[in-house]
Amino acid sequence: MTTTPHPAWLPDDAFTAIGRRRVVVAGDGALAGTVAEEVAAATARFGGSFSRLEVGDGVADAELVLTLTPPGLTEPGPTEPGADVDESFRFTREGGAVVVQAPCDAGLLHGLFHVVRLGEAAFDGPDADETHAPATGLRMLDHWDNVAVHPVMGQVERGYAGGSLFYDDGAVRADLSRLERYARLLAAVGINRVAINNVNVHAREALLLTDDLPEVARVAAVFRRWGIRVHLAVSFASPILLGGLATSDPLDADVAHWWVRAAARVWTAIPDFGGFVVKADSEGQPGPFAYGRTHADGANMLAAAVAPYDGLVHWRAFVYDHRQDWRDRSTDRARAAYDHFRPLDGAFADNVVVQVKYGPMDFQVREPVSPVLAAMPRTRIALELQVTQEYTGQQRHAVYLGPQWSEILGFRFWAAPGDAAADDSPTVADLATGRGKAAEDPGTGAWRKPAGGFAAVSNTGDDEFWTGHPFAQANLYAYGRLCWDPGLDPSALLDEWAGLTFPGAPDAVRAALHAVLDRSWETYEQYTTPLGVGFMVRPGHHYGPDVDGYEYTPWGTYHFADRDGIGVDRTTRTGTGYAGQYPSPWREVYESVETCPDELLLFFHHVPYTHVLHSGSTVIQHVYDTHFEGVERVERMIEAWSAVSPLVDERLAERVAERLAEQLRSATEWRDQVNTYFLRKSGIPDERGRTIY
Ligand code: GCU
């Protein structure tokens, strides 16, 4: 950690427009102090002027005023669903002079970064008066970091960007200066909560809750200056592991009392602590099932312990049988979360957020949107995304996930594909944020669907570029911005990110970034797993192809390819019944092989290789065509980038070149293994006669 990290989307030059103006910051509060420091540094660097005034003082000649709303003018309007502070701000521009006014200092900080993002355009445009507020107050990033290096998973589970930003050598880092830079980057994209340790809580990490509290408090102090609250992942067995109790039964009085005291200690050490994240009864983690209790019993017991401090319990719905017999065709992992959680709708305490992965399996490049998101109208639901590219190229491949997330966020469970009349029906973003028409009480207009917000697994580490692949920064950027406003266009976000990260770069650089990234999600899908089948990765580390790698394992991730066909029958009529977990119209759409969208066909149906897709191609020909095309697209990505790489920072260019070469190697391997596998299985040649081995 000796090299200065790359500035990502906050290079000094991103502050040029602010830095050369006369700027006033008015207002108290820790975050107003942070804003003042940022502005002071920028104006000192670029020749502007900075003054710190009281709210309401005369500011006649200022070109930018960042101020708390003067007393008496604060409108008490509703805060965002799930918010504990009002993070909104008002942006006005009159004759080129800009005022950012916020009821709370958190809004002032967001307002500052709004102006940073706009740059000169903040001051240039026509007069404006806009109010900005996040879609939800719960915009969280989960770090799967281990304190001690785990023998299999390393320091950061599913981490592809070096070591942990938090821990080194079995302890919280002594020097938290890089963490400070990181917190600043997160604040600039609107993240306001971080969980700082792995959801798989091993023995060393369990101690964060007790012995290490002073260290966690140091971390929380760093994030606090940036309006970000800290959460811990905790082991459900903590009363046994840490408290010496014989049980962690959630209905045992001593267990509940142990958690009450644990919570009291945490909030004494860290008064603005956020809460607990829990992975229970999942992939070997302890949970309430051992005692014959439900997930609601478990979550509610913890919720009661943290309620006095307005703490939250993020309880993950990633619960399935990971010791399945592959011979057993009746068990379907995709069904599991719904089967476990749907019956518990309405049973969770108000401060429990059930955190649901976007798909029913596990962060694949393509999955249907998890039906659990639609199935629990009386439960706070957080949508869980994976910024770290576990199954999407592990930050060696350039894969921009903004389009995938945008598609998920905009998905409407109660609207037929292409039915414009159904625009009123809620999107996934509405369900997570408690917004949208269907989420409102028709009588009062108040939010009826409680908000759970967003959570995602982080992709950062102590790597020089934070994310391994420098372009993976764009994913973290887009995640934060989509949490703030799920309606943002992912391609426009790429522009925003590129404009900040490569300030002053010629248009050609931006065009090349679009050429590489715009369709990179689809490209990755093309050269890896076809038509929604998923999981053809090497077991364990999950990188690179291994078509049958998981086929005879206990993990419940099968494709059932034989000489005649491939895919999983998840219909209600002849299959596992998973399609029936969707409300209409999607249950019917997915049920029928006629209407099921091509990209999910093999997720829902077992079909012959000769089955004709809506695209007009057969399944087998589609496999061949997409795999050849995917690799060709990677070749074109490399051409596009090589032409502009001399125009950017040399180290960055080197890193990108090295990653793109690996992407091409890996994509070629995927193409050849997948094509060869299916040629051998099916005996059907490529109609274009290309080389398959
Ligand atoms: C995946 C991932 C694990 C992780 C798990 C989870 O299965 O491979 O490393 O622990 O998801 O989300 O809990």
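Leaving aside neighbours within four places in sequence, Phe535 is in contact (heavy atoms within 4.5 Å) with Met361, Asp362, Gln364, Tyr391, Thr529, Tyr550 and Thr557. The model is predicted: local features need pLDDT of at least 70 and side-chain atom pairs count only at pLDDT 80 or more, while totals for chains, interfaces and linings use all residues. Residues are numbered from 1 along each chain as its sequence is written, and side-chain values use heavy atoms, with hydrogens and water left out.

Phe535 belongs to the loop between α18 (520-527) and β19 (565-566); helices (H or I, at least four residues) and strands (E, at least two) are DSSP runs, numbered from the N terminus. Phe535 counts as buried because its relative accessibility is 6%, where buried means under 20% relative accessible area, exposed over 50%, and partly exposed in between (1.4 Å probe, protein chains only). Asp332 is 203 residues from Phe535 in sequence, yet their C-alpha atoms are 14 Å apart in space.

The description now turns to the barrel. Eight strands close into it in the order β7-β12-β13-β14-β15-β16-β17-β18, with parallel pairing; two strands pair if DSSP finds at least two bridges between them. From one strand to the next, the twist averages 25°, with axes taken as lines fitted to C-alpha atoms (for helices over the stretch in contact) and angles running from 0 to 180 degrees between N-to-C directions. Opposite Ile381 in β17 stands Val354.

The structure holds nine cavities of 30 Å³ or more. On a 1 Å grid over the protein atoms alone, a cavity is a set of points where a 1.4 Å probe fits but cannot get out, and lining residues have an atom within 4 Å of a point. Grid points are joined across faces, edges and corners, and a volume is the space filled by probe spheres set on the points. The largest cavity has a volume of about 130 Å³. It is lined by 16 residues, of which Ala317, Phe318, Ala337, Gly359 and Pro360 are the closest to its centre. Both α11 (336-341) and β16 give two or more residues to this lining, and β16 gives the most, with three residues. By class, the lining of the largest cavity comprises eleven nonpolar, three polar and two charged residues; Ala, Val, Leu, Ile, Met, Phe, Trp, Tyr, Cys and Pro count as nonpolar, Asp, Glu, Lys and Arg as charged, and the others, Gly among them, as polar.

The second largest cavity contains about 90 Å³ of space. Among its 14 lining residues, Met361, Val533, Tyr558, Arg570 and Phe603 are the closest to its centre. Met361 is also one of the contacts of Phe535.

Arg335 is placed in the loop between β15 (312-316) and α11. With a relative accessible area of 23%, Arg335 is partly exposed. Its C-alpha atom is separated by 7.1 Å from that of Pro360, 25 residues away along the chain.

Some backbone geometry remains to be described. Most residues other than glycine have a negative phi, and most peptide bonds are trans. The peptide bond from Ser584 to Pro585, however, is cis, with omega near 5°. Asp169 has a positive phi, near 60°, and counts as exposed at 74% relative accessibility. Trp466 likewise has a positive phi, near 70°, but counts as buried at 2% relative accessibility.

Terms used
1 Å grid on protein atoms, 1.4 Å probe; cavity = no way out; pocket = protein on both sides within 12 Å on 5 of 7 lines; lining within 4 Å.
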